[in-house]
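Please go through the sequence and coordinates below. A short report on selected features follows.

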Amino acid sequence: MHSTISRTLLAILGSLIAVAGLASPSHAVTKLTDAQAASQLSAVGISRVSSGGCTNRNVSTCTSYEQINQETVSGIKTFKSISGCAITITGGTETGHASGTYSHWNGYKVDVSPTSCVSSYITSHYSYSGTRSDGAALYTAPSGNVYARESNHWDITYYTCGC
């Protein structure tokens with residue numbers, strides 16, 4: 001009798017937790033400094049290049065990580081790990097990118113060099129999901145993260161830290 005009641009209560013509790021988890025708002029975003037993000041990324045071999053040779057968030061020719069989301073950093077680290085590709089970030093949170101909620105400025109995006117390894121992995125492992133208004137081909141990972149092939153880089157939006 002007690003074990004039946006216990007199992008029933010556990011099942012109900014599990015259902016409530018699952019429903020509450022799905023219905024609750026997303027958790028707060030953790031923002032990183034440029035140094036914090038650079039340390040995490042370089043530790044796993046992800047490099048950064050900047051046409052201006054700088055990291056100032058307020059200069060469009062720089063490549064900055066200032067105010068990048070932890071999930072974005074975790075996402076590109078996960079992508080490197082599962083793809084086995086060398087990753088070079090060419091765009092971060094600096095000014096000069098398109099605006100919007102899920103923008104570079106707000107810490108959700110990075111641009112990466114379109115090496116044959118990166119491009120091949122994205123196009124063979126993620127679902128083609130159409131064309132963006134600017135003509136960029138879109139590929140969506142099972143996690144919901146979106147990989148957009150722009151003219152000279154991949155523009156990646158990380159909604160979650162999975163790939």
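## Helix H3 and its end

Gly-84 comes directly after helix H3 and has a positive phi, near 75 degrees. Helix H3 covers residues 70-83. With 14 residues at 1.5 Å each, H3 should span 20 Å, and because its end C-alpha atoms are 20 Å apart, the model agrees with that expectation.

The buried residues of H3 are Thr-72, Val-73, Ser-74, Gly-75, Ile-76, Phe-79 and Ser-83. An α-helix has 3.6 residues a turn, so residues three or four places apart point the same way. Gly-75 is part of this helix. Gly-75 counts as buried because its relative accessibility is 0%, against a cut-off of under 20%. The C-alpha atoms of Gly-75 and Tyr-108 are 9.9 Å apart, although 33 residues separate the two along the chain.

## Nonpolar core

The largest nonpolar core has 24 residues, and those touching the most other members are Ile-76, Phe-79, Ile-87, Ile-89, Val-112 and Tyr-147. At least two core residues come from each of helix H2 (34-43), helix H3, strand E5 (109-112), helix H4 (116-125) and strand E9 (154-157). In soluble globular proteins, nonpolar side chains tend to be buried together.

Which residues does Ile-76 contact, leaving aside its neighbours within four places in sequence? Ile-76 is in contact with Leu-41, Ile-46, Ile-87, Ile-89, Val-110, Val-112, Ile-156 and Tyr-158.

## Two loop residues

Gly-92 sits in the loop between strand E4 (88-91) and E5. Is Gly-92 buried or exposed? Gly-92 is buried, because its relative accessible area is 0% and the cut-off is under 20%. Neighbours within four places aside, Gly-92 contacts Thr-63, Ser-64, His-97, His-104 and Lys-109. Gly-92 and Ser-103 are 11 residues apart along the chain, and their C-alpha atoms are separated by 9.7 Å.

Gln-67 belongs to the loop between strand E2 (47-48) and strand E3 (68-69). Gln-67 is not a glycine, yet its phi is positive, about 70 degrees. Its relative accessibility is 32%, so Gln-67 counts as partly exposed.

## Second largest pocket

The second largest pocket holds about 210 Å³ of space. Its lining has 17 residues, of which Tyr-102, Lys-109, Arg-132, Asp-155 and Thr-157 are the closest to the centre. Strand E8 (146-149) and E9 are the elements that give two or more residues to this lining.

## Overall arrangement

The protein has four helices and nine strands. Along the sequence they follow the pattern α-β-α-β-β-α-β-β-α-β-β-β-β. Of its 163 residues, 34% count as buried. Among contacts in the protein with a separation of 6 or more, 56% are between residues 24 or more positions apart.

## Confidence

The average pLDDT of the protein is 87, and 83% of the residues score at least 70. Residues 2-25 have a pLDDT below 50, and this stretch makes zero contacts in the model beyond near neighbours in sequence. Where pLDDT is low, the predicted coordinates should not be read in detail.

Definitions and conventions
Residues numbered from 1 in each chain as written. Predicted model: local features only at pLDDT ≥ 70, side-chain atom pairs only at ≥ 80, totals over all residues. Heavy atoms only, no water. Core = buried A, V, L, I, M, F, W, Y, C linked by side-chain atoms within 4.5 Å. Buried < 20%, exposed > 50% of the residue type's maximum accessible area, 1.4 Å probe, protein only. Contact = heavy atoms within 4.5 Å. Expected span 1.5 Å × (residues − 1). pLDDT = per-residue confidence, 0-100. 1 Å grid on protein atoms, 1.4 Å probe; cavity = no way out; pocket = protein on both sides within 12 Å on 5 of 7 lines; lining within 4 Å. Points joined across faces, edges and corners; volume = space filled by probe spheres on them.
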